[in-house]
Amino acid sequence: MTDFAVVGAGISGLSAAWFLRERGFSVRVFEAGSDVGGSIRSFLSQDFLVEAGPNSTLDNTDALGELVRGVGLDHRLQEANSRAKRRYILKHGELLPLPASPPAFIKTSLFSARGKLRLLAEPFIGRAKSEETIADFVRRRLGPEFLDWAIDPFVSGVYAGDPERLSVRAATAKIYALEDQYRSLIVGAIRRALQGRKSGPAPSGRLINFAGGMQTFPQGIAASLGEAVKTGARVSALSREADSWKLQVDGHATPWDARQVVLAVPAYRAAELMAPLSPALAEGLGAIEYPPVASVAMGFKREQISHPLDGFGFLIPRREGKQTLGTLFSSTLFPGRTPPDQVLLTSFIGGARNPGVARAQEAELGARVLQDIAPVLGIVGAPVFEKVSFWPRAIPQYNLGYNARLGRIKQALTQLGGLYVRANWVDGISLSDCVRNGRAFAQSMKADVVDLEQARQ
């Protein structure tokens, strides 16, 4: 009998499985699809290396470094171009760099003089008396300009979400913690800086990818796990018998036995598996929102674009009235993404702001994106390469009340005994969050190794 059966071979499931095995547990990973990685998808087409899902991740946790080294991928790691530190915001049709220092903030035209002066009041504003959306929190503490021209596009870029609905406590916990602990974002940021601790909305850590694309990472983890990973193995049902779980896998007449199960699948998929065991739990899982998002990769000859593409990319605030959420300068970020003298842009459209994208055809999505970004970047002519990747249910939305909902889900899971969840709808959506949570989960199970060894004997 296997110690742990992991359902789902996305980065959450693979990370949990690898760290569990490193700590002495036997594992088996079941993946319904033909390949591992979940939403992490990389492919080479016409010599363009395209990321259909995440385009990079921040190396900002030692768990990620441990996993990369552990599966032997450190030699394939790629660090982003130093120019990636420059990030643009579209305002009134013009790309303006997001200020990265106090002098740059003073000089920027992204915010008015009145908006900048509004910050002087921030340290004197008290704590919220109830849970707020990100929009309400930012308006109260920083003023409407910062919501419109900084936080709104940031939220769209990370969550493809709506700041008027996302919970500040759940979706941006580090920012909320500054108010909770110090009463002021500015005071808290200064005090943490003096302590050598990073805080604030700006990303920390180095931005990385891999030679061959992001999917190299989950594929490397799966290769390290070897025969423990089974693809094309959809778990259709779970049942509890005595001290073990039985997993019914499509194509197998006999169920698989495991002492404990980790569900590393989207909430809506977990809801399907939970429905026969706990209808109330399934209802809570099924209520978690996943808006549609399309990723549109476009290749151009370098001379077709007048903008220097000297940065990470740009985000588009809602006030600009465009459907596209933002664009990455993919060929600037990492080497080996395009044929010679060509560039690659990756744009995103849809999300909670524009869920109607689900009804559009691929060609229509490409045309919408080009219409939005061509005047901004000075693009002349049609792309020489185009690929649209559509995700009908993309990123879980940590909306108002999310922490309370998640608490109820976790409490209900404890009643089932030996059933756990590890996915990007739990404790952070980023790839590095998923890896960190996978290691933390394995470490929390370490005390059970002795008991499991005794059970085997």
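In this predicted model, the second largest pocket holds about 220 Å³ of space. Its lining is made by K410, L413, T414, G417, G418, L419, Y420, V421, R422, V426, D427 and F441, and the elements that give two or more residues to this lining are helix 15 (402–414) and strand 19 (419–421). Sorted by class, the residues around the second largest pocket are 6 nonpolar, 3 polar and 3 charged.

The volume of the largest cavity is about 80 Å³, and the residues that line it are L49, V50, E51, N55, N209, A297, S330, L333, F334, R337, L344 and T346. Two or more lining residues come from each of strand 4 (48–51), helix 13 (330–333) and strand 17 (342–350), with strand 4 providing the largest share, 3 residues. The lining of the largest cavity divides into 6 nonpolar, 4 polar and 2 charged residues.

The charged side chains come next. Over the whole structure, a search finds 25 salt bridges, and three of these pairs are set out in the table below.

| Salt bridge | N to O distance | Relative accessibility of each residue |
| R86 and D310 | 3.9 Å | R86 39%, D310 19% |
| R140 and E132 | 2.8 Å | R140 22%, E132 14% |
| D136 and R139 | 3.1 Å | D136 36%, R139 32% |

R86 is partly exposed at 39% relative accessible area, whereas D310, at 19%, counts as buried, because the limit for a buried residue is under 20%.

The salt bridge between R140 and E132, with its closest N and O atoms 2.8 Å apart, joins a partly exposed residue, R140, to a buried one, E132. Both residues also belong to a network of salt bridges that links E122, E132, R140, R141 and E179.

I186 has its place in helix 9 (residues 185–194) and, with a relative accessibility of 32%, counts as partly exposed. Residues of a patch need over 30% relative accessible area, so I186, at 32%, passes that limit.

Another isoleucine, I106, lies in helix 3 (residues 102–107), and its relative accessibility of 62% makes it exposed. Between I106 and K116 there are 7.8 Å in space, C-alpha to C-alpha, and the two are 10 residues apart in sequence.

Most residues other than glycine have a negative phi. Against that background, D47 has a phi near 70 degrees, which is a positive value in a residue other than glycine. D47 is found in the loop between strand 3 (42–45) and strand 4, and at 53% relative accessibility it counts as exposed. Strand 4 is also the element with the largest share of the lining of the largest cavity.

Where does R183, with its positive phi of about 70 degrees, lie? R183, which is not a glycine, lies in the loop between helix 8 (173–182) and helix 9, and helix 9 is also the place of I186. The relative accessibility of R183 is 36%, and R183 therefore counts as partly exposed.

Methods
Residues are numbered from 1 along each chain as its sequence is written. Side-chain values use heavy atoms; hydrogens and water are left out. A salt bridge is a side-chain nitrogen of Lys or Arg within 4 Å of a carboxyl oxygen of Asp or Glu. Buried means under 20% relative accessible area, exposed over 50%, partly exposed in between (1.4 Å probe, protein chains only). Helices (H or I, at least four residues) and strands (E, at least two) are DSSP runs, numbered from the N terminus. On a 1 Å grid over the protein atoms alone, a cavity is a set of points where a 1.4 Å probe fits but cannot get out, and a pocket is an open set with protein on both sides within 12 Å along at least five of seven lines; lining residues have an atom within 4 Å of a point. Grid points are joined across faces, edges and corners, and a volume is the space filled by probe spheres set on the points. Ala, Val, Leu, Ile, Met, Phe, Trp, Tyr, Cys and Pro count as nonpolar, Asp, Glu, Lys and Arg as charged, and the others, Gly among them, as polar.
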